[in-house]
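Open the model in your viewer and keep the selection tool at hand. The stops below go from one residue to the next.

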Amino acid sequence: MTDFVSEVQTIPYSDERIFIMLSDLSNLEKVKDRIPQDKIKDFSFDIDTCSVTMAPVGTITFQIVEREPNNTIKFTTTNSPVPLHLWIQLKQVKANDTRMKITVRADLNPFLKPIVSKPLQDGVDKLATLLANLPY
């Protein structure tokens, strides 16, 4: 397993407010217009799952498998060319000052690892930046 960890992001909201928004994937409706349509197609979601089609990867479906209120949201892929686990960690340091970090753990074979490591790390960093800038 290989871990890809984002830089720690600062979000000017409480961990509770951020957790409420991110732990219900149907809230993505509020921000779907921010998703680059040239990179992502067939974007669908409900409370527990999110599915996207990305070239050249194909369709990936994430499902929330664990919620630890105001702290952690864990996802796993139910449809993906590479098995992935993703978790969002929140830590409130003071009122309206929460730190967030995203970790992706991928089961990469030795042939794929050098090819997908940089794009995966870039994706994790972009996702963290996107989530940090959402209007909570």
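Select Arg105 to begin: with a relative accessibility of 31%, this residue counts as partly exposed. Buried here means under 20% relative accessible area, exposed means over 50%, and partly exposed lies in between (1.4 Å probe, protein chains only). This is a predicted model, in which local features need pLDDT of at least 70 and side-chain atom pairs count only at pLDDT 80 or more, while totals for chains, interfaces and linings use all residues. Residues are numbered from 1 along each chain as its sequence is written, and side-chain values use heavy atoms, with hydrogens and water left out.

Arg105 forms a salt bridge with Asp3, and their closest N and O atoms are 2.6 Å apart. Arg105 is in strand S8 and Asp3 in strand S1 (residues 2–5), so this pair ties together parts that are 102 residues apart in sequence. Strands (E, at least two residues) and helices (H or I, at least four) are DSSP runs, numbered from the N terminus. Asp3 is partly exposed, at 37% relative accessible area.

A salt bridge is a side-chain nitrogen of Lys or Arg within 4 Å of a carboxyl oxygen of Asp or Glu. How many salt bridges does this rule give? The count comes to five.

Next, select Arg67 and Asp48. Their side chains meet in a salt bridge, with 2.5 Å from N to O. Arg67 belongs to strand S5, and Asp48 sits in the loop between strand S3 (40–45) and strand S4 (49–54), so the pair ties together parts 19 residues apart in sequence. Arg67 is partly exposed, with a relative accessible area of 35%; Asp48 is partly exposed too, with 30%.

Move on to Glu66 and Lys74. The side chains of these two residues meet in a salt bridge, at 3.8 Å from N to O. Glu66 has a relative accessible area of 38% and is partly exposed. Lys74 counts as partly exposed at 32% relative accessibility.

The last stops concern the backbone. Most residues other than glycine have a negative phi. Select Asn70, in the loop between strand S5 (58–68) and strand S6 (72–79). Asn70 is not a glycine, yet its phi is positive, about 60 degrees. At 26% relative accessibility, Asn70 counts as partly exposed.

Finish at Asn96, which lies in the loop between strand S7 (84–94) and strand S8 (97–106). What is the phi of Asn96? The value is near 55 degrees, which is positive in a residue other than glycine.
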